[in-house]
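Good morning, everyone. Please have a look at the structure on the screen, and then I will walk you through it.

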Amino acid sequence: MQFDKVLIIDDELVIRKALEEQLRNLRYTVASVSSLIDAENVLGKDNFDLIFLDVRLPDGDGTQLLKHFNTLPENIEKPITVVITGYGSIESAVECMKLGAFDYIIKPFSLQEIEVVLKKAESYSHLVKVNQFFSCNSTEGDLQQELLGEGPVVQHIKALIKKVASTEATVLITGENGTGKELVAREIHRLSHLASRPYITVNCAAIAENLIESEFFGHEKGAFTHALQKRIGRFELANNGTILLDEIAEISPHLQAKLLRVLQEKEFERVGGTKTLKVNTRVIASTNRDLSKSVERGDFREDLFYRLNVFPIEIPPLRERGNDILLLANYFLKRYARKHGITLNGFSDEAKNALLVHKWPGNVRELQNTIERAVILSNDQQEINERALNILPNAHVGTTLLEDPTLDLEAIEKKHILHVLNTTHGNRTKAASLLKISARTLSNKLKQYALAN
Ligand SMILES: Nc1ncnc2c1ncn2[C@@H]1O[C@H](COP(=O)(O)OP(=O)(O)OP(=O)(O)O)[C@@H](O)[C@H]1O
Ligand SMILES: [Mg+2]
């Protein structure tokens, strides 16, 4: 994260001029003053990211300014201060460090020394900001969740994640609600060489339209009514790391244009700012919509779609993941049984059937919530039965089944049996009669399909 404005406070004209020139060459906006009183004036009018502060000044001591910063409320951002000192005043430099100065340099200093201290201060400030972001946005619990599933669907996704993680390609993750899009995005970051760098997310659907540009790119002090201080946007926070633009389909055409520029040119301006900032960020976007349809409708820029769709990952719905449904259900059963201190052995056969035939419109999240509730409802039982799951029968399973050309006869038979069992609430006699087979045949088929155990 590059600093913007630097203030030099030094009474020695030669030092001030040399430093000013060097900083301007490095594209910083520079102000310089020669006394504490002038410094106070300038600081009252503008925000600075960094101050070079001389210790001995005509109207006092640099430590006074640091003491002043320390009296300001916590939530007010203070500039990072680097003390400039002559050999004679090392003691006061130490004093300054105690008062919160970031570093000190000894006169005469070289241009390289200045560059080193700037780099250090910039990366420190970046870390502080990322830290603040995480302490305000901590997502409880789920951080370590791994992508579970042994079936071909999840194995294929895992393979794609592995492939793309080693690159910095832009990824577009699509899938219905609750299929695991955020999980996949985090996994890509975790397996990439950026893993130790920031991972920043923006939920584009959750932020009000008028604030989202500032969330993305930050704003300058006074950019709009409530912009009392300069603010760093999430792209800057994610510099050298990964940014997840969640629910990307929801952004306005205005922001789409700005995002396109970040992807193409890797540059942007803060809201209300004139300075062009550079970022180097790996972008992952996700959506539960069909973005190509949004493009057709004219809701989403085609050029942006292509920029995002470099490496698409489509996450199939839970209902297409076969026995992984049971694997996940068992995992959640154990997790929530432990969480609530309840002992349970597993699911009844009917409950398993119900899990397998339900359509899970809310996908893994729905499954997770269903199981947590069922665990609590079953605290006086040995196992979770169908009633505790309380999932609504699916009205359309029968119709979608025949439209899926990848299903073989056995699979269709299996699904149909499960569907019928679901509609009879697990009553096998009724199910057998609906299927026009004997109860014994049904029982054999359930064994054959490993649905009864
Ligand atoms: N394969 C999986 N293994 C384990 N947990 C999963 C899996 N997929 C999803 N989950 C869990 O399900 C929940 C929903 O996942 P996630 O938030 O990633 O979905 P999403 O696709 O981003 O949903 P939405 O579109 O609603 O934002 C999370 O708690 C996540 O940990
Ligand atoms: Mg999500």
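Is Asp324 buried or exposed? Asp324 is buried, because its relative accessible area is 5% and the cut-off for buried is under 20%. A reminder before I go on: this is a predicted model.

Let's stay with Asp324. This residue is found in helix α13, which covers residues 324-340. What does Asp324 contact, leaving aside its neighbours within four places in sequence? The partners are Gly149, Glu150, Gly151 and Val154. One contact is worth a look. A polar atom of the Asp324 side chain lies 3.0 Å from the backbone nitrogen of Gly151. Now look at the chain distance. Asp324 and Val153 are 171 residues apart along the chain. Their C-alpha atoms are separated by 9.1 Å.

Arg234 lies in helix α9, residues 234-237. Its relative accessibility is 11%, so Arg234 counts as buried. Which backbone atom lies 2.8 Å from a polar atom of the Arg234 side chain? That is the backbone oxygen of Thr201.

Now over to strand β1, residues 5-9, and to Leu7 within it. Leu7 has 0% relative accessibility, so it counts as buried. Its contacts, not counting residues up to four places away in sequence, include Ala31, Val33, Leu43, Phe48 and Phe52. Leu7 and Thr81 are 74 residues apart along the chain, and their C-alpha atoms are separated by 9.4 Å.

On to the nonpolar cores. How many residues are in the largest nonpolar core? There are 36. The members that touch the most others are Phe216, Phe235, Leu245, Ile248, Ile251, Leu259 and Phe300. Helix α10, residues 253-265, gives the largest share of this core, with five residues. Take Leu259. Not counting residues up to four places away in sequence, Leu259 touches Phe216, Phe217, Phe235, Leu245, Ile248, Ile251 and Leu304.

Now some helix packing. Start with helix α14, residues 349-357. This helix is mostly covered, with eight of its nine residues buried. Those buried residues include Asp349, Lys352 and Asn353, along with Leu355 and Leu356.

How do α14 and α18 cross? Their axes come within 9 Å and cross at roughly 115°. That angle makes α14 roughly perpendicular to α18. The crossing is left-handed. On the α14 side, Asn353, Ala354, Leu356 and Val357 take part. They meet Lys415, Leu418, His419, Leu421 and Asn422 in α18.

Helix α18 has another partner. Helix α18, residues 409-423, packs with helix α19, residues 428-435. The angle is about 125°, and the axes are 9 Å apart. That makes α18 oblique to α19. This crossing is right-handed. From α18, the contact uses His416, Ile417, Val420 and Leu421. From α19, it uses Arg428, Ala431, Leu434 and Leu435. Look at the spacing of those numbers. An α-helix has 3.6 residues a turn, so residues three or four places apart point the same way.

Last topic: backbone angles. Here is some background. Most residues other than glycine have a negative phi, and most peptide bonds are trans.

Which peptide bond is cis, with omega near -10°? It is the bond from Lys107 to Pro108. Pro108 sits in the loop between β7, residues 103-106, and α5, residues 111-136.

Asn240 lies in the loop between α9 and β12. Its relative accessible area is 34%, so Asn240 is partly exposed.

Asn363 is found in helix α15, residues 363-377. Is Asn363 buried or exposed? Asn363 counts as buried, because its relative accessibility is 0%.

That's the tour. Questions, please.

How values were computed
Residues are numbered from 1 along each chain as its sequence is written. Chains are lettered from A and ligands numbered from 1 in the order in which they are written. This is a predicted model: local features need pLDDT of at least 70, side-chain atom pairs count only at pLDDT 80 or more; totals for chains, interfaces and linings use all residues. Side-chain values use heavy atoms; hydrogens and water are left out. A nonpolar core is a set of buried Ala, Val, Leu, Ile, Met, Phe, Trp, Tyr and Cys residues joined through side-chain atoms within 4.5 Å. Buried means under 20% relative accessible area, exposed over 50%, partly exposed in between (1.4 Å probe, protein chains only). Helices (H or I, at least four residues) and strands (E, at least two) are DSSP runs, numbered from the N terminus. Contact means heavy atoms within 4.5 Å. A polar contact is a pair of N or O atoms within 3.5 Å; within protein, one must be able to donate a hydrogen and the other to accept it, and residues adjacent in sequence count only if both atoms are side-chain atoms. Axes are lines fitted to C-alpha atoms, for helices over the stretch in contact, and angles run from 0 to 180 degrees between N-to-C directions. Angles under 35 degrees count as roughly parallel, over 145 as roughly antiparallel, 65 to 115 as roughly perpendicular and the rest as oblique. A crossing is left-handed if the near helix is turned anticlockwise from the far one by less than a right angle, and right-handed if clockwise.
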